[in-house]
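Subject: A structure for you to look at

Hi,

Here is the structure I promised to pass on to you. Have a look at it first, and then read on for what turned up.

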Amino acid sequence: MALLISLLTAAALGAPPQADTPSLHARVIAGDGRAPEPVIVGRAVCNGSTWLLNQRKELIAVTIDRRRIAVQAVSGFRPDETPWGLACTPDGSLWTLATPWTLARIRTEGSITDRIRLPLPRLALFALGDRLVYSEMPVAAGKAVLAAGRATPPFDQRPWAGLPGRAGSSRATELTRNLVGCGIDNGGLLPCWFADDDRISIGDGKTETTRSFAIVRGPGVDPALPIRDAALAGRGRVWLLARAARAIAGTQPGGRLIATNRAGTENRGIDLKPAARFILSATESSCWLLTVDGTLMEVSVR
Amino acid sequence: MERFLVNGLVRLGTLVLAAVLVVGSSRPGEAAVACTTDLADCYLDAATIDSFWYRWAAGLDCELAFIGCARYTIMGI
């Protein structure tokens with residue numbers, strides 16, 4: 001009897017299971033232009049536009065307000081350079097790693113204007129405010145994976161709070177376990193995560209909060225690489241793009257979008273058709289995505 | 001003689017490391033199996049370089065190439 005009472009009490013006091021409320025609505029927008037197919041190596045958001053850089057060394061400007069996608073070749077890359085990462089600073093400069101040793105400034109008109117030789121090779125590139133956020137060699141367990149500094153010398157580099165380097169059973173595993181992604185910032189906070197984890201570190205480089213967003217996991221989501229992209233918006237909105245378990249044309253796009261809060265207690269999700277490559281822009285109530293078809297998609301909270 | 005022994009030990013260590021790289025891979029490394037194989041081969045080539053610093057630099061290049069491959073496979077879309 002006591003057991004029955006305690007079970008009934010627990011059921012009454014316990015939180016109801018989180019239901020996946022059908023409160024997100026998606027629509028594909030027939031805008032002006034279409035993003036090309038080659039792999040996107042970086043995304044930056046600034047000055048009302050979202051910028052993408054692809055493997056073919058093309059700069060893609062997406063202006064959500066105008067529903068416009070404009071593509072232009074970037075001149076000035078050397079033939080042996082394979083750029084990775086894209087970051088934007090408040091002066092409107094775009095930055096990429098032309099090589100791990102070379103930071104290059106790209107004008108929004110599509111030309112490289114500066115090349116900066118780096119003291120240590122960098123592996124990923126993001127930005128928060130006027131500081132570039134990056135991972136660099138050496139990658140080691142316990143050492144902060146990210147650092148932040150000015151784009152130009154003296155870099156005034158400082159370790160980024162959160163995401164301490166993780167050990168691996170081999171050097172290859174150690175390197176892959178420390179691959180990091182960062183999403184779209186908001187309110188001076190940047191969300192960053194390890195590729196194989198559902199925990200996201202949200203911080204400004206000095207202080208941070210790391211929280212598990214296990215709600216990103218579910219049927220159809222790759223359990224080994226659950227988070228494809230993330231964006232902070234509004235007063236506490238977190239948009240999560242979950243990586244599809246099934247590959248499309250050899251890559252794994254985002255197959256599901258989840259709207260939650262920073263505590264991870266809210267759970268509204270929608271399966272995306274077509275699947276999405278990246279989050280382009282986000283507000284409290286809507287999230288804009290680039291689909292695998294190269295079109296724009298808007299997902300709204302209803 | 002001493003230099004010969006040191007070089008030999010470093011090369012042996014690199015060979016062992018290369019073997020461990022292949023055996024020890026796991027997800028998300030599974031997504032980058034080809035990258036891991038390339039890394040092991042690259043380490044083996046680097047191990048044949050006589051100069052310590054050139055060998056170290058070659059090893060670093062191996063890791064940068066591996067990361068470039070792995071992040072493309074895992075993060076790129």
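Please keep in mind that this is a predicted model. Let's start with the aromatic rings: over all chains, the structure holds 2 aromatic pairs. B:Trp53 is exposed, with a relative accessible area of 61%.

B:Trp53 also pairs with B:Trp56: the ring centres are 6.1 Å apart and the planes stand at 75°, so this pair is edge-to-face too. How far apart are B:Trp53 and B:Trp56 along helix α3 of chain B? They are 3 residues apart in that helix, which spans residues 52-74, so about one helical turn separates them. Together, B:Phe52, B:Trp53 and B:Trp56 make up one aromatic cluster.

The charged end of A:Arg166 sits over the ring of A:Phe194, 4.0 Å from its centre. Likewise, A:Arg122 lies over the face of A:Phe155, at 5.2 Å from the ring centre.

Finally, the empty space inside. Rolling a probe the size of a water molecule over the atoms shows where such space is left. The count comes to 1 cavity of 30 Å³ or more, and the largest cavity holds about 60 Å³ of space. Its lining includes A:Leu123, A:Ser135, A:Glu136 and A:Lys143. By class, that lining has 6 nonpolar, 2 polar and 2 charged residues.

Enjoy exploring!

Best wishes

Note on methods: Residues numbered from 1 in each chain as written. Chains lettered and ligands numbered in written order. Predicted model: local features only at pLDDT ≥ 70, side-chain atom pairs only at ≥ 80, totals over all residues. Heavy atoms only, no water. 1 Å grid on protein atoms, 1.4 Å probe; cavity = no way out; pocket = protein on both sides within 12 Å on 5 of 7 lines; lining within 4 Å. Points joined across faces, edges and corners; volume = space filled by probe spheres on them. Nonpolar A, V, L, I, M, F, W, Y, C, P; charged D, E, K, R; others polar. Phe/Tyr/Trp six-rings, centres within 6.5 Å; stacked < 30°, edge-to-face > 60°. Buried < 20%, exposed > 50% of the residue type's maximum accessible area, 1.4 Å probe, protein only. Helix = DSSP H or I, 4+ residues; strand = E, 2+ residues; numbered from the N terminus. Lys NZ or Arg CZ within 6 Å of the ring centre and 35° of its normal.
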